[in-house]
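Thank you all for coming.

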Amino acid sequence: MKITKKQIDTLNAEINITLDQADFQSKIDTILLDYKKKANIPGFRKGQVPMGMIKKQYGKAVLVEEVNKLLQENLNSYLTEEKLSILGNPLPKVLSETFDWNAATLSFDFEIGLSPEFDVSLKTKKAITSYKVEADKKMVADQILSIRKQYGKITPEKTVSDNSEITGTFVSEAAGIDKKTTITLDQLKAKKAITSLRGAEVGASISLDTKGLFKEEATVAGAFGLEAAEAKDLKTTVVFTIEEINERTPAALDQELFDKLFGKDVVSSEKELGQKIKEDAEKQFVQQADQKLLNDVTEALIAQTKFDLPSEFLTKWIQSSGEKPLTEEEAKAEYERSEQGLRYQLIEAKIIEENKLQVSFDDLKSFAKDLIKEQMAQYGQLDPKDEELDGIAARVLSNQEEVKRLSEQMMSQKLITLYKEKANLKEKALSYEDFVKEVYGA
């Protein structure tokens, strides 16, 4: 057997594998002998079929299968030994119709696409904004009021007042709306709607214009059971049928409420409650700000890190690698869709390698336990035993899909930490409301 590489250019090469009969003949003879022992062919006793007939019937198929196995094994070994970093998988060149499988030597060619050589600098030319999102006083006050209402006393009412919670169903056949929801008058912007609802009784059906109905655009989708895109600029008439009217008296800010929320004596005053809500909210904001940072750094690195790809080879590979072969046009379109993602995969892999970022099993186990602990806290289990966490984590990490998902989350966190240390960033502090407006345009 002989394996050689022919360099076409910096990104493309061909590998030739030449096999002699001696490389595979003994294996084929062994397989055909086994076929001879087991073959059931009319006119011959089992095991007595002439070898010539066995070779004629099975020889070509066995030869092709064994040669393909040999090619794959040795091609993979060669790529590993030569430390060739390739994109996609090697593509065998199509054999000619006159290819002679009985020749003394068999020659096969494979095309490969090579990973480009490039450098990555985390110091982007333009500074990237790193957002620090803060929970302002209004947000904390609104959250405290929301908590008080959630744990407060509900009293049924006969008619709608300014403090009522109104539960009913919005219906519009034209817009495909049929959604039961609860609203309050202070959520509404349209004065006509407020006037129509104020004083209404259970069972009343009131026609309302959706345009400008609510103060906050974000409320529209939830109230009508629509996707955000459907709810945007919605202009129709809905009928709101009132099913229930309640007044909610907010709960007192006392130790009983504090203990319900956070466990016994964790919080003991309204001031401490505000601090805890602020801390918890800002932890959630960090996750959103970090995701924004990761996205922005990714885009910046793709834009500034220039390198060529073996696009022609990758298009051919995409065309033939799926369950269903694609046309040339389909493959080109798919390559164009996936090119940016491929570029970042290469950039990210280089960053991980150069900065020696790794996810160990101990790291993964600790990360899983922290996530489990957070989830348990949401259901009131504030102090689980370590043995319990170990057991749950072991079950989670026995699932390979979960291991992959958690590993990716951990690596994203390591990359974010790295970017905060080494990337060209500028910090910007703002409220959550302003963050949403600036980042999402909402």
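Lys38 counts as exposed, at 54% relative accessibility; by definition, exposed means over 50% relative accessible area, buried under 20% and partly exposed in between, with a 1.4 Å probe and protein chains only. Please keep in mind that this is a predicted model, in which local features need pLDDT of at least 70 and side-chain atom pairs count only at pLDDT 80 or more, while totals for chains, interfaces and linings use all residues. Residues are numbered from 1 along each chain as its sequence is written, and side-chain values use heavy atoms, with hydrogens and water left out.

The partner of Lys38 in a salt bridge is Asp34, with the closest N and O atoms 3.3 Å apart. A salt bridge here is a side-chain nitrogen of Lys or Arg within 4 Å of a carboxyl oxygen of Asp or Glu. Asp34 is partly exposed at 31% relative accessibility. Both residues belong to helix H1, four residues apart, which is about one turn of the helix. Helices (H or I, at least four residues) and strands (E, at least two) are DSSP runs, numbered from the N terminus.

How many salt bridges does the structure hold? There are 26. In one of them, the side chains of Glu66 and Lys27 meet at 3.5 Å, N to O. Glu66 lies in helix H2 (residues 51-81) and Lys27 in helix H1 (residues 25-38), so this pair ties together parts that are 39 residues apart in sequence. Glu66 is buried, with a relative accessible area of 10%, whereas Lys27 is partly exposed at 46%.

Another salt bridge joins Lys369 to Asp386, with 3.0 Å between the closest N and O atoms. This pair links distant parts of the chain, 17 residues apart: Lys369 is in helix H11 (residues 361-378) and Asp386 in helix H12 (residues 386-397). Lys369 is buried at 15% relative accessible area, and Asp386 is partly exposed at 43%. Through shared partners, salt bridges also join Lys27, Glu65, Glu66 and Lys69 into one network.

Helix H2 also contains Leu63, which counts as buried at 8% relative accessibility. Beyond its neighbours within four places in sequence, Leu63 is in contact (heavy atoms within 4.5 Å) with Phe24, Ile28 and Trp101.

I turn now to helix packing. Helix H8 (residues 270-304) packs against helix H13 (residues 400-422) at an angle of about 75°, with the axes 10 Å apart. Axes are lines fitted to C-alpha atoms, for helices over the stretch in contact, and angles run from 0 to 180 degrees between N-to-C directions. H8 is therefore roughly perpendicular to H13, a term that covers 65 to 115 degrees. From H8, the contact involves Asp290, Leu293, Leu294, Val297 and Leu301; from H13, Ser412, Ile416, Tyr419 and Lys420.

Finally, the largest nonpolar core has 31 residues, of which Leu301, Leu309, Ile347, Ile351, Leu415 and Tyr419 touch the most other members. Such a core is a set of buried Ala, Val, Leu, Ile, Met, Phe, Trp, Tyr and Cys residues joined through side-chain atoms within 4.5 Å. Two or more residues come from each of strand S3 (86-92), H8, helix H9 (311-321), helix H10 (328-354) and H13. H10 gives the most to this core, with eight residues. Apart from neighbours within four places in sequence, Ile347 is in contact with Phe118, Val120, Leu301, Ile302, Thr305 and Phe307.

Technical notes: Angles under 35 degrees count as roughly parallel, over 145 as roughly antiparallel, 65 to 115 as roughly perpendicular and the rest as oblique.
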